[in-house]
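Please read the briefing below alongside the sequence and the three-dimensional view, which are shown next.

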Amino acid sequence: MLMGYSLADLGAIFAMQGFAGLVLFSVFVLMALGLAVIFGQMGVINMAHGEFMILGAYVTFLISKLFAAFLPGAFAIYFFLAIVLAFIVAGALGMAIEWLLIRHLYRRPLDTLLATWGLSLILQQVYRSIFGAREVGVELPNWMMGSLHMTESIEIPINGLIVMAITTLITAAVYYLIFRAPWGRQVRAVMQNRAMAGAVGIDAGRVDRLTFALGCGIAGVAGSAFTMIGSTSPTAGQLYIVDTFLVVVFGGAQSLIGTIASAFTISQARSTMEFFLSGSMAQVVVLLLVVGILMLRPQGLFVLKLRR
Amino acid sequence: MTTSTYLARKDVLLILLFAALIMALLPLALDPFRLNLVGKYLTYGFVAIGLVICWGDAGILSLGQGIFFGLGGYCMAMFLKLEASSVGATKIQSTPGIPDFMDWNQITALPWFWRPFHSLTFALVAVPMVPALLAFVIGVAMFKRRVGGTYFAIITQAIAAILTILIIGQQGYTGGVNGITDLRTMKGWDIRSDHAKLVLYFANAILLVASLLIAQFVRRSKLGRILVAMREREDRVRFSGYDVAAFKIFAFCFAAALAGIGGAMFTLQVGFMSPSFVGIVPSIEMVIFCAVGGRTSLLGAVYGALAVNWAKTTFSEDLPQLWLFAMGTLFIAVVVVFPNGLAGLYRDHIAPRLGRFLRPQLRLAPTGDGRKQGATR
């Protein structure tokens, strides 16, 4: 299948596909980070994760419309405000959901799956009632639309670079929060041994609520970033939920590095293969490989050593 | 163990009541169109029975029952499609004798995996066996390595996604997103007439009741008790010398084979099969109606399948916006408030009162039953 391309062409193809893969990788990491916090740290299967992401996308859409209508002068920078708001709105909803629903189900992890699936249906219908069933696209400011010309045949789109920058920032923040900050120590303590954590004075309920809110907020940011490379529809979240879960499981549920490594592997494999196979076949091959590897190594790529 | 025989007799009585409902009451009360719809819902009853054994008893949550339902359905559809695309019926195609969608996709010969489906016997054997084989492969790979719980659920879900993408992507071999449509006859017998639909409805009902009895037998046997023990304390069962993986594989394969039968009956009654019955959403819906009916009660789960699907049709016809709200709220309510579903409500509230009402002299007997079953979750 490599016949007919010169070496320079192939180099350019791999560079461009590699970059497309990096952008996909960044979005995957953003989506998976939220889930890694919720599923990896708390053990809650949040099937509505995709809907939290879409919420972020719709917030971004609304902000862009608001800026276009009332503040056209500041349109160039609306995106940064949108990201912050997406985080706050999705996080607040997450906090409310945790309080109303999830906290009753910590003893029954499989049941959270069913309940959050119900939640995702409700959210989808809410989006459909408010925004309509059609896909909506966000208008980007001009400076984000262009691309950098590296060489004659290699172009790097700027919005891709922005997505990557956001991802790097959020990943660093999550790493700091969970593994370096005192709050993260409380989170890990509660997850490892709830009773003991409570005994040393940690408010486990509050930690749970904040952790869940953090995961949902990151999903909101992911949705916000997602608007730059795709359009938003009420059911778009469902398309990504399986990929996202696989990324987290493949990486080893409790390991941040594992999540990043597996997001990298999956997205690179997929975007490189998409060039040679059809898009759907590339997805099938990659998913099959991941499932196959998981059958051989069920604990995922990276395992956190834990005494149970 | 006098209570045990009492229970068995009561269960058989309830199954007979159910059989009377679907084989006498509904056919008399409904017009052919509505009856065909009920027949369609009942095919999900097979999946529900399988899920009670696999999820309710053995505690293995599979989010991939749609795979098996779909595989069974596709096996049946492939046979029917081949019969509908005889050389005589497809003269106008550039390659006569192959299904129309293959011709549209410039395929000139029947692919190898379609060939055995010329035979009805092969198709009928394949309906439960293909799903069971796939389940066996997945089960051996997962359970031998002690993968369970949420991981298993996510991986089965991924497999459902893979299969859907594969079916949609390979339209030349599978009919793509439209599925396999335009099915007409089975060994020369037209399956589209009202009479045929009635016959198929009764065949489906009889198969369903038979499956209920088999599943009931499995649950009452020692095997069934080991499954429940495994759900509650897997390690203790393992330490007692049982091969836990083998029992899990059995439960999973049993559920898969039943789902396959359901899929085949679905194809026969509805007249087509498409990837929209295979993927993640239908698979989760199957788990949901099992949960609504009651995951630890065979009849409850079947009634759940009937009720949820009936509600889905009715609501989505009349109030499409409200439907998803209602469905979502229902799921959340079932999980949070009634973890044992409709069957749990019946067992805890209606059955004791009914028992007191029917035979006031036996006031002590029914409460023991309620506690015994209630304590399993």
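B:Gln106 is found in the loop between α4 (100–104) and α5 (120–143) of chain B, where helices (H or I, at least four residues) and strands (E, at least two) are DSSP runs numbered from the N terminus. This is a predicted model, in which local features need pLDDT of at least 70 and side-chain atom pairs count only at pLDDT 80 or more, while totals for chains, interfaces and linings use all residues. Residues are numbered from 1 along each chain as its sequence is written, and chains are lettered from A and ligands numbered from 1 in the order in which they are written.

- B:Gln106 has a phi near 55°, a positive value in a residue other than glycine.
- Because B:Gln106 has 9 C-beta neighbours inside 10 Å, it counts as exposed; a residue is buried if 20 or more other C-beta atoms lie within 10 Å of its own, exposed if 12 or fewer, and partly exposed in between, with C-beta atoms placed from the backbone.
- B:Lys187, in the loop between β1 (185–186) and β2 (189–190) of chain B, also has a positive phi, near 50°, in a residue other than glycine.
- With 8 C-beta neighbours inside 10 Å, B:Lys187 counts as exposed.

**Buried parts of chain B**

- B:Ile22 lies in helix α1 (residues 2–29) of chain B, and it counts as buried because it has 23 C-beta neighbours inside 10 Å.
- Leaving aside neighbours within four places in sequence, B:Ile22 is in contact with B:Leu42 and B:Ala205, two residues being in contact if their C-beta atoms, placed from the backbone, lie within 7 Å.
- B:Ile22 and B:Ala205 are 183 residues apart in sequence, yet their C-alpha atoms are 6.8 Å apart in space.
- Helix α6 (residues 149–169) of chain B has 21 residues and reaches 30 Å from its first C-alpha to its last, close to the 30 Å expected at 1.5 Å a residue, the expected span being 1.5 Å times one less than the number of residues.
- Of the 21 residues of α6(B), 17 are buried, so this helix is largely enclosed by the rest of the structure.

**Overall build of chain A**

- The secondary structure of chain A comes to 12 helices and 2 strands, and from the N terminus on its elements run α-α-α-α-α-β-β-α-α-α-α-α-α-α.
- The radius of gyration of chain A is 20 Å, close to the 19 Å that the globule rule gives for 308 residues, so the chain is as compact as a globular protein of that length; the radius is taken over C-alpha atoms, and the rule is 2.2 Å times the number of residues to the power 0.38.
- Buried residues make up 46% of the 308 residues in chain A.
- Among contacts in chain A between residues at least 6 apart in sequence, 77% join residues at least 24 apart.

**The contact between chains A and B**

- The contact takes 32 residues from chain A and 36 residues from chain B.
- On the side of chain A that touches chain B, α4 (109–131), α10 (236–251) and α12 (279–296) of chain A each supply at least two residues, and the largest share, 14 residues, comes from α4(A).
- The residues of this side of chain A divide into 23 nonpolar, 8 polar and 1 charged, where Ala, Val, Leu, Ile, Met, Phe, Trp, Tyr, Cys and Pro count as nonpolar, Asp, Glu, Lys and Arg as charged, and the others, Gly among them, as polar.
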